[in-house]
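Please look through the structure below with this report beside it. The report begins with a term that is needed throughout and then moves from the whole chain to single residues.

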Amino acid sequence: MRNYSTIFFLGTTLFLWLTGCKDEKIDFSAQVKPILNKRCISCHGGVKRNADFSLLFRHEALDTTESGKLAIIPGDPNHSEMIRRVNLKDPEERMPYKEEPLSNEEIRILTQWIKEGAEWGDHWAYQKPQPVVVPTTELNHDWPQNEIDYFILKKLEEEGLGPSKAAEKSTQIRRVYMDVIGLPPTPQQALSFLNDNRPQAYEKVVDELLNSEHFGEKWASWWLDMARYSDTKGYEKDEGRTIWRYRDWVIKAFNNDMPFDQFTIEQLAGDLLPNPTDDQMIATAFHRNTMNNDEGGTDDEEFRVAALIDRVNTTYEVWQSTTLGCVQCHTHPYDPFVHEEYYKSMAFFNNTRDEDVPGEHPTLRMYKEPDQKKLDAIRSWVAETAGPERATEVNTFLKTLEPKHHPHDFDQFNKGALIDNKWLGIQSGGSARIKQINLEKKSVLLMEYWSSFEGGSFEIRIDKLDGEIIGRGKLLKTNKIVMYPIEPRPGKHDLYFIFRNPTISPDPAVCNVEWLAFLEDLPEKNTPEYGLFKKAFLDLINTKVENTPIMIENTKDQFRITNVFERGNWMVKGERVDPEVPESLNPFPADQPRNRLGFANWLVSPENPLTARAVVNRVWEQLFGVGIVETLEDFGTQGASPTHQDLLDWLALHFMDEYKWSMKRLVKEIVMSATYRQDSRISDELKERDPTNRLLARGPRIRLTAEQVRDQALAVSGLLSKKMYGKGVMPYQPAGVWNSVYSGEYWKESEGEDKYRRSVYTYIKRTSLYPAMMMFDASTREVCVSRRIRTNTPLQALVTLNDSSLVVAAKNFATLMMKKGQSPRDQISEGYKMLLIRDLPPKKLEVLYKLYQTALQDFNEDEDAVFKLTAEKTKTAQLAALTVVANAMLNLDEVLTKE
């Protein structure tokens with residue numbers, strides 16, 4: 001009877017197993033798409049369509065192929081040409097062609113998929129995240145600290161693993177300090193936490209860190225990589241750029257916990273907000289961080305387009321974790337984005353005023369207080385006499401010198417040309433045309449030019465070279481902006497500028513024009529106030545001020561049409577396109593304008609499937625070293641799969657709905673979790689089962705960033721300056737690393753505390769990155785960098801052992817150590833505790849003490865070496881020896897690592 005029961009049980013089990021296998025439907029995204037991407041798409045996708053067969057979209061895959069046959073017939077694999085071809089033995093007919101044949105399992109999956117109807121599944125990332133129920137667990141009920149931990153614990157239990165115990169309090173406080181503000185705790189801060197045994201002690205520390213002004217500095221370093229922020233323009237000249245106010249805006253935005261949706265809108269379209277503030281204008285410098293080519297002879301339009309392409313690629317990478325850059329030349333080979341959609345997205349960005357000119361116009365002019373009062377007075381007077389709309393126009397021009405025209409708008413040159421493709425230069429008696437200028441109400445011409453000659457003049461003729469003169473004026477020997485009266489005309493007209501100077505030889509240009517603007521004159525022309533305010537107006541626009549490159553939208557008269565670039569070539573224009581978002585993502589909101597502001601609102605719409613996920617994933621990577629999706633820049637089908645997709649979606653929804661896009665609340669949620677607070681030491685089992693810690697059965701352990709390596713050394717040595725904001729500073733750098741033969745720019749070492757400011761303020765030159773930071777994988781900021789790939793090379797040790805900034809930090813650290821103990825052993829032990837908030841193991845103490853003795857003996861025999869290291873003859877060999885030890889301690893693995 002027992003045997004029959006066993007047979008019955010086994011039979012029932014087998015039947016249920018077979019039934020379950022039969023009912024288990026093929027998952028397109030998880031099973032089919034990886035096969036297609038790996039084995040088929042390279043020949044049958046967005047780039048190539050061999051045999052007129054594409055597997056990118058379902059409607060294409062079901063279409064008739066070049067042979068007239070159907071490659072895929074839903075429900076009928078036996079008559080599907082695709083299945084026939086992958087089963088053939090003849091290598092000339094078998095697919096994939098001239099590649100390894102598909103495995104039996106791959107063929108089985110494709111066959112079963114077609115039999116089930118060849119349904120196309122949407123990739124997880126392009127579907128809006130749905131509400132997620134926090135899972136329950138069977139074990140470790142006392143371990144979770146918040147909802148995050150239940151997601152992690154569920155996965156661990158599925159893998160037969162458990163979490164690690166909490167890290168020591170000394171490890172926890174150093175970890176959370178480095179992660180939240182990018183600096184180590186002071187000994188006093190650490191001791192306060194270690195002695196606080198209340199349950200809320202850790203949360204109290206977290207709240208203090210979130211409220212610290214250093215929070216913004218740390219997270220700005222992260223964001224500026226994506227913003228490709230730099231103090232120089234890039235390309236061959238790579239001259240300086242004044243854009244540090246954008247960096248300061250980012251720091252303040254993080255410190256003020258600006259909601260990320262607002263953070264997004266102000267950076268992408270702050271200038272399009274109603275009555276934008278200076279700060280909102282400065283925020284738009286996010287997309288003025290693109291490179292600017294000042295090299296002589298370059299085509300401004302070519303590099304304007306290059307910047308435009310960079311803006312499209314960067315926007316989609318930063319906010320959508322999507323590789324839309326692949327679509328510039330052809331339809332995406334793996335993801336559902338077609339070629340034309342790239343240019344429809346480009347159309348949102350194609351109507352900004354910047355045109356790759358040397359002056360980097362448009363810029364926000366930063367007036368000093370007396371000049372700002374003049375501007376306010378002009379604006380108030382215009383508002384009273386001509387109304388608020390006219391006052392806004394005048395204010396905009398005084399703040400930005402826009403709208404204006406640049407020399408590349410001219411053509412039909414006679415005895416003239418564009419000098420270096422940048423300036424308009426016309427010889428005496430020569431002329432040039434500027435097309436289709438709207439002269440409605442335009443009664444003044446403003447022109448910035450420079451001339452080395454007296455006696456010059458110009459005239460403006462309308463519609464043809466010998467047409468009616470509508471304006472003329474004398475050219476001064478000057479380099480300034482000059483105002484000339486012109487006659488308004490209805491509509492748009494071609495204007496011919498004719499330049500003369502009978503006093504000079506025919507060869508030189510009469511003058512060199514940088515830009516010109518056609519404006520409506522100030523109101524009340526026949527009143528005494530007009531003359532006063534006109535003078536103030538001209539004084540202001542000729543005042544030398546600091547400028548921050550910003551975004552400003554074209555006027556209707558300057559509107560640009562956007563075309564598809566055939567094969568990505570900007571010189572070969574295809575069909576015209578209008579602003580639109582990719583069809584595979586959420587629809588464009590019906591109530592939004594089709595410009596950058598509408599696009600920004602589309603990005604942060606609750607319907608967008610990617611933005612919140614992308615941000616949450618990036619923050620997770622900052623804290624754990626690896627994102628839930630490892631490929632921060634690519635959520636597409638070729639990117640890494642999420643290790644905990646349900647957690648990613650839960651966090652994304654909470655970030656939008658519960659936290660109201662608050663970055664500080666998101667950071668707090670993660671660092672308060674038991675998952676984050678785990679011990680980072682790895683067991684033999686975890687080393688075998690999960691060496692890269694993707695299951696998060698232990699705490700994060702990763703090398704510090706380039707900025708943190710330097711900032712930590714300055715902080716523990718007491719050298720770190722607390723000064724915030726302002727122009728980029730130049731700490732020690734070896735002589736001759738860079739200088740500019742064009743502009744005379746060179747690295748001038750900062751003085752006083754500026755040498756010891758946080759690394760976020762270090763001057764960044766794209767073609768010559770600060771060497772110490774470059775060695776630790778910092779970005780050159782030429783393009784958007786979503787994640788730094790950590791490397792380990794001997795050069796890093798050479799930097800930390802020999803870089804003058806770090807050697808000076810070691811000397812100051814040694815001085816502090818000497819005050820902490822009587823004997824060298826005590827001093828070394830106290831120094832280690834200052835660094836890592838824990839006792840120095842005896843074996844390491846002996847190694848470091850031996851180093852101290854060896855160094856001391858050498859310095860006692862060589863007084864000159866003492867002076868070279870300490871820079872002071874009065875200092876002792878003991879300090880020099882302890883400096884060597886301090887330098888070594890700053891190079892310890894546990895010091896350069898977040899444990």
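## Terms and basis

A residue is called buried when its relative accessible area is under 20%, exposed when it is over 50%, and partly exposed in between, as judged with a 1.4 Å probe and protein chains only. By this scale R304 is buried, because its relative accessible area is 6%.

This is a predicted model, in which local features need pLDDT of at least 70 and side-chain atom pairs count only at pLDDT 80 or more, while totals for chains, interfaces and linings use all residues. Residues are numbered from 1 along each chain as its sequence is written, and side-chain values use heavy atoms, with hydrogens and water left out.

## The protein as a whole

The protein contains 31 helices and 14 strands, where helices (H or I, at least four residues) and strands (E, at least two) are DSSP runs numbered from the N terminus. Its C-alpha trace spans about 115 × 90 × 55 Å along the principal axes, and of its 899 residues, 55% are buried.

Contact here means heavy atoms within 4.5 Å. Among the contacts between residues at least 6 apart in sequence, 71% join residues at least 24 apart.

## Helix 6 and what covers it

Helix 6 runs over residues 147-158, and its 12 residues reach 17 Å from the first C-alpha to the last, close to the 16 Å expected; the expected span is 1.5 Å times one less than the number of residues. After helix 6 comes G160, which has a positive phi near 70°.

Which residues of helix 6 are buried? They are I148, D149, F151, I152, L153 and L156, and what covers them includes helix 20 (611-624), helix 21 (645-658) and helix 22 (663-671).

## Helix 20 against helix 22

Helix 20 passes helix 22 in a right-handed crossing; a crossing is right-handed if the near helix is turned clockwise from the far one by less than a right angle, and left-handed if anticlockwise. On the side of helix 20 the contact is made by V615, V616, V619, W620, L623 and F624, and on the side of helix 22 by M663, L666, V667, I670 and V671. Helix 22 is largely enclosed by the rest of the structure, because 7 of its 9 residues are buried, namely M663, K664, L666, V667, E669, I670 and V671.

## Salt bridges

Side chains of opposite charge can pair when their charged atoms come close. A salt bridge is counted when a side-chain nitrogen of Lys or Arg lies within 4 Å of a carboxyl oxygen of Asp or Glu, and a search of the whole structure finds 65 of them. One of these joins K25 and E119, whose closest N and O atoms are 3.3 Å apart. This pair links distant parts of the chain, for K25 is in the loop between helix 1 (2-23) and helix 2 (28-39), whereas E119, 94 residues away, is in the loop between helix 5 (104-115) and helix 6. K25 is partly exposed at 48% relative accessible area, and E119 is partly exposed at 44%.

R304 and E301 form another salt bridge, with the closest N and O atoms 2.9 Å apart. These two residues are separated by about one helical turn, because they are 3 residues apart in helix 14 (residues 300-320). While R304 is buried, E301 is partly exposed, with a relative accessible area of 33%. Elsewhere, R353, E355, E402, K404 and R560 are linked in a network of salt bridges.

## A buried methionine and a partly exposed one

M447 is placed in strand 4 (residues 444-450) and, at 0% relative accessibility, counts as buried. Leaving aside neighbours within four places in sequence, M447 is in contact with several residues, including F458, L475, Y484 and W515. M447 and W515 are 68 residues apart in sequence, and their C-alpha atoms are 6.0 Å apart in space.

M818, by contrast, lies in helix 27 (residues 804-820) and counts as partly exposed at 31% relative accessibility. Not counting residues up to four places away in sequence, M818 touches Q827, Q878, L879 and L882.
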